[in-house]
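Visitor: I would like to learn how to read a protein model. Could you take me through it one feature at a time?

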Amino acid sequence: MKGWRHSVPAIGELGVRPSRMRLGDLLREAALSVLSHPGRSLVTAIGTILGSAAFVASLGVGSTLHQQVAAAFDTRRATEVLVQAEDPGGSHSWLDDAALGRLTRLNGVVTAGRRVVLGEQPMSRSSDLRRPPTGVPILGVDPAALRVMAPQLTAGRGFDDYHERSAAPVIMLSETVAGQLGIRRVGVAVFIAGRPYTVVGIYRDVLRRPESLAGAVVPYSVGDRLDQPGTSQVGKRDVLVETDPGAAQIIGRQAPLALRPEAPSELRAVAPPDPRTLRREIESSTTKSTLMISGIALLIGTISIGNATTASVATRTGEIGLRRAVGARRRHIFVQLVLETAVLGGLGGLSGALIGVLTTSLVSIVNGWAPVIELRIAVFASMISMVAGMLAGLMPAARAARFSPVQALQK
């Protein structure tokens, strides 16, 4: 009857009758009972600890994850606009310097450049036509479009205005193409349709336009020369635009008018969706999933507390009977047991919230993310755990309150 040794002095010292026992007395009795049996309390609260930890960790990791996805989208896609002609075989006047000048003067445009996308061209390391060439997609870009693509070079350099003006026979290879041709360094020559081109750069990745990772890049003037009437494939011409973050949607609407004011409907601008819309969609999907997982974990924790409390009541039958014998009423027994489970739920929820915060921080550090932790989620989890503990104790407490003193003492 270890719990009873705490309860008798508490009631007597306060000088009040058991029937008039105040809420403060019951809270103290509940706290003493929880603290005097740490092992039993830990077993009872373990479900709530795990449920609260899962709740905080899943929401924290989920928030951190969709923040990273949205940030990556902002960086890679939300600053890019692609302008194409509705009729690829029409006039190319919208690609001249005057048209690009009007486009780059728009507020929100960082840079814009021309590109011509050619089909696969036969490429080899030798001019010997007896050796089978490799088919490689060729992209012709001017220096501004190359800056929009932002290739990550592993060797060499990119193009500049001199290469563009002089139509210099130079080429940049992706690591994929360079590996196929057995090229490890710059300065060597490759042959396209029997003509030599000097490799000036090899790139591993690009910030925009990932289709270039499977091909090679030449100056736009060189690509224009390769795209001549009578060739097997007609090049597709477009304009690559880099914008300030958040300006892609506006520039997408203004670019056709700037490039071809006399007939803007003949151009089509492809802009990414609004990042805020994407972020809301990611947050909605992630939140639904994490709330479902967390709710299941908290339900399991509530059932665990209820089962542990039921078992605890069975072992405390004599204590409950003694309380009833000295004057404790049914409502005192009921309220104290419910308060005990509420205290256990609250302490378990607080401990689980701390574990959840630490888990979120650890996962973020391991992956190099900036953790997104909301303290109100931890507080909410603690409060929910306390309510869950209180609800879990209702049935065992009601059963204990129905014990008669004589039957309880006989057990």
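Guide: Gladly! Let's begin with surface: accessible areas come from the Shrake-Rupley method with a 1.4 Å probe, and for residues only the protein chains shown count as cover. Here the protein chain exposes about 20500 Å², with carbon and sulfur atoms supplying 61% of it. Please keep in mind that this is a predicted model, where local features need pLDDT of at least 70, side-chain atom pairs count only at pLDDT 80 or more, and totals for chains, interfaces and linings use all residues. Residues are numbered from 1 along each chain as its sequence is written, and side-chain values use heavy atoms, leaving out hydrogens and water.

Visitor: How many helices and strands are in the protein chain?

Guide: Helices (H or I, at least four residues) and strands (E, at least two) are DSSP runs, numbered from the N terminus. The protein chain has 15 helices and ten strands.

Visitor: What percentage of the residues in the protein chain is buried?

Guide: Buried means under 20% relative accessible area, exposed over 50%, and partly exposed in between (1.4 Å probe, protein chains only). Of the 411 residues in the protein chain, 46% are buried. Leu-344, in helix α12 (residues 330-367), is one of them: its relative accessible area is 9%. From Leu-344 to Ala-45 the C-alpha distance is 5.7 Å, although 299 residues separate them in sequence.

Visitor: Which residues is Thr-111 in contact with, leaving aside its neighbours within four places in sequence?

Guide: Contact means heavy atoms within 4.5 Å. Apart from those neighbours, Thr-111 touches Ala-144, Arg-147, Val-148, Leu-240, Val-241 and Glu-242. Thr-111 sits in strand β2 (residues 109-124) and is buried, at 11% relative accessible area.

Visitor: How many salt bridges does the count come to?

Guide: A salt bridge is a side-chain nitrogen of Lys or Arg within 4 Å of a carboxyl oxygen of Asp or Glu. By this rule there are 14. In one of them, Arg-268 pairs with Glu-86 at 3.0 Å, N to O. This pair links distant parts of the chain, 182 residues apart: Arg-268 is in strand β10 (residues 267-270), and Glu-86 is in the loop between β1 (80-85) and α4 (97-104). Arg-268 is partly exposed at 34% relative accessible area, and Glu-86 is partly exposed at 45%.

Visitor: Where is the salt bridge between Arg-114 and Asp-142, buried or exposed?

Guide: The side chains of Arg-114 and Asp-142 meet at 3.5 Å, N to O. Both Arg-114 and Asp-142 are buried.
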